[in-house]
Amino acid sequence: MIVEALDLPRERVADLLARLRGRGETLATAESLTAGLVAAALTDVAGSSAVVRGGLVVYATDLKAELAGVDPELLAERGAVDPEVAAALAAGARTRCGADWGVGLTGVAGPEPQDGVEPGVVHVGVAGPEARSVRSVRLDGDRHRVRAAAVRVALEHVAELVR
């Protein structure tokens, strides 16, 4: 249901979960602009409980620090929508949820800019046992399309690192 609403190929999500399960690894999320949609998409697939540890919805900037452990100085210096914040969210998801992999998302869905950042700017961080990476993209469309595309970017980014 969630997977289809986000226009995600269910088999890709299932394949990612199967690869993680086969490796005996788990995953957690810390999501800002997607507000839990990545975790919802993952858990929309049967058997996800063997892989998904949990997720943090850190929509408010202060919760990025309080719940996900993002350095408050980084947030004050860079703002909430920044590649380093995405990396810190991923690391925080991994640590706080006790997972092998963490995914962190921050960005602006719109319709208005946030702290001088235009709608459509999205940063996805991934932290794993041996891989740390951030992907920054500019996505087009309305609020729904930006958020749905951000979920797709996040899952594709994780899948590229989980080989």
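**View 1. Gly125 sits in strand 4.** Strands here are DSSP runs of E with at least two residues, helices are runs of H or I with at least four, and both are numbered from the N terminus. This is a predicted model, in which local features need pLDDT of at least 70, side-chain atom pairs count only at pLDDT 80 or more, and totals for chains, interfaces and linings use all residues. Residues are numbered from 1 along each chain as its sequence is written, and side-chain values use heavy atoms, with hydrogens and water left out. At 0% relative accessibility, Gly125 is buried; buried means under 20% relative accessible area, exposed means over 50%, and partly exposed is in between (1.4 Å probe, protein chains only). Leaving out residues up to four places away in sequence, Gly125 touches Ala86, Ala87, Ala90, Gly102, Val103, Gly104, Ser133 and Val134. Contact, here and below, means heavy atoms within 4.5 Å. Look also for Arg135: ten residues along the chain from Gly125, with 6.5 Å between the two C-alpha atoms.

**View 2. Ala87 belongs to helix 6 (residues 83–97).** Is Ala87 buried or partly exposed? Its relative accessible area is 32%, so Ala87 counts as partly exposed. Not counting residues up to four places away in sequence, Ala87 touches Gly125 and Val134. Pro113 is 26 residues from Ala87 along the chain, and their C-alpha atoms are separated by 21 Å.

**View 3. Helix 2 (residues 10–23) packs on helix 7 (residues 143–161).** The angle between them is about 40°, and their axes are 10 Å apart. That angle makes helix 2 oblique to helix 7. Axes are lines fitted to C-alpha atoms, for helices over the stretch in contact, and angles run from 0 to 180 degrees between N-to-C directions; under 35 degrees counts as roughly parallel, over 145 as roughly antiparallel, 65 to 115 as roughly perpendicular, and the rest as oblique. The crossing of helix 2 with helix 7 is left-handed, a term for a near helix turned anticlockwise from the far one by less than a right angle (right-handed if clockwise). On the helix 2 side you'll find Arg12, Val13, Leu16 and Arg19, which meet Leu155, Glu156, Val158 and Ala159 of helix 7. By type, the residues of this contact are five nonpolar, no polar and three charged. (Ala, Val, Leu, Ile, Met, Phe, Trp, Tyr, Cys and Pro count as nonpolar, Asp, Glu, Lys and Arg as charged, and the others, Gly among them, as polar.)

**View 4. The largest nonpolar core has 35 residues.** A nonpolar core is a set of buried Ala, Val, Leu, Ile, Met, Phe, Trp, Tyr and Cys residues joined through side-chain atoms within 4.5 Å. Leu8, Leu16, Leu27, Leu42, Leu105, Val124 and Leu155 have the most contacts inside this core. Two or more residues each come from helix 2, helix 3 (37–43), strand 3 (101–107), strand 4 (121–127) and helix 7. Which element gives the largest share? Helix 7 does, with ten residues. Zoom in on Leu42 and, leaving aside neighbours within four places in sequence, you'll see contacts with Val13, Leu16, Leu17, Leu27, Ser48, Val52 and Leu155. A second, separate core has 13 residues, including Ala28, Ala30, Val58 and Val70.

**View 5. His157 is in helix 7.** With 3% relative accessibility, His157 is buried. Setting aside residues up to four places away in sequence, His157 touches Val124, Val126, Ser133, Val134 and Arg135.

**View 6. Thr34 is in the loop between strand 1 (27–31) and helix 3.** Its relative accessible area is 0%, so Thr34 is buried. What does Thr34 touch, not counting residues up to four places away in sequence? The partners are Leu105, Arg147, Ala150 and Val151.

**View 7. The loop between strand 3 and strand 4 holds Pro111 and Asp115.** A cis peptide bond joins Gly110 and Pro111, with omega about 15°. Asp115 isn't a glycine, yet its phi is positive, about 50°. This residue, Asp115, is exposed, with a relative accessible area of 64%.

**View 8. Asp7 lies in the loop between helix 1 (2–5) and helix 2.** Here too is a positive phi in a residue other than glycine, near 60° for Asp7. Asp7 is exposed, at 58% relative accessible area.
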